[in-house]
Amino acid sequence: MSILSILRTPEARFETLQDFPYEPNYTVINHGISHGISQGISHGAEVLRMHHVEAGDVDAAPVLMLHGEPSWSYLYRKMIPIIADAGYRAIAPDFIGFGRSDKLGKPEDYSYQSHVDWMKQWLVANKLENITLVCQDWGGLVGLRLVAEMPERFSAVVAANTGLPTGDRPMPDIWEQF
């Protein structure tokens, strides 16, 4: 078993971003959880910090915005104030490996299932319910799995430029070119 290398981008890298006045928020999640949700942080487990920004009334219905590749929560900087001003709680997390969230040092430390599991832990830890999911690109691949596996937490879905492949068909040529 190899030692997990966890990298963290210094906060100074985010200080001069234009149009991004949001305070960072961090949720600690377990790295090693697979195919299930932890009801808390396991002692001795390696933990990761997952970042999100938010705006709006904390008691309002949440609009969860999941980014794609190679973006992060900064993608939603223009939408966050509009959603918050409309009376919702706008929330945009950074997937592990992106933005202010922790990064893993080896590509093999990431998997699609890990991203789903990390987001499930994050949703539970942040007690989000009655969620409107806004997802695009592979944020949809992760987000739509969350809706399928935790439907009681979601009330609506806005999916753009994404899908939910089943693995029983080859990806189109444009995907392979990407």
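## Charge and model basis

The chain carries 14 positive and 22 negative side chains, and the centres of the two sets lie 3 Å apart; Lys and Arg count as positive and Asp and Glu as negative, with His and the chain ends not counted, and each charge is placed at NZ of Lys, CZ of Arg, CG of Asp or CD of Glu.

The model is predicted, so that local features need pLDDT of at least 70 and side-chain atom pairs count only at pLDDT 80 or more, while totals for chains, interfaces and linings use all residues. Residues are numbered from 1 along each chain as its sequence is written, and side-chain values use heavy atoms, with hydrogens and water left out.

## Overall fold

Four helices and eight strands make up the secondary structure, these being DSSP runs numbered from the N terminus (helices H or I, at least four residues; strands E, at least two). Their order along the sequence is β-β-β-β-α-β-β-α-β-α-β-α.

Of the 178 residues, 44% count as buried, meaning under 20% relative accessible area with a 1.4 Å probe and protein chains only, where over 50% is exposed and in between is partly exposed.

## Surroundings of Pro 24

Pro 24 is found in the loop between strand S1 (6–7) and strand S2 (25–30), and is partly exposed, its relative accessible area being 27%. Apart from neighbours within four places in sequence, Pro 24 is in contact with Glu 11, His 51, His 52 and Arg 100, contact meaning heavy atoms within 4.5 Å. Although Pro 24 and Arg 100 are 76 residues apart in sequence, their C-alpha atoms are 8.0 Å apart in space.
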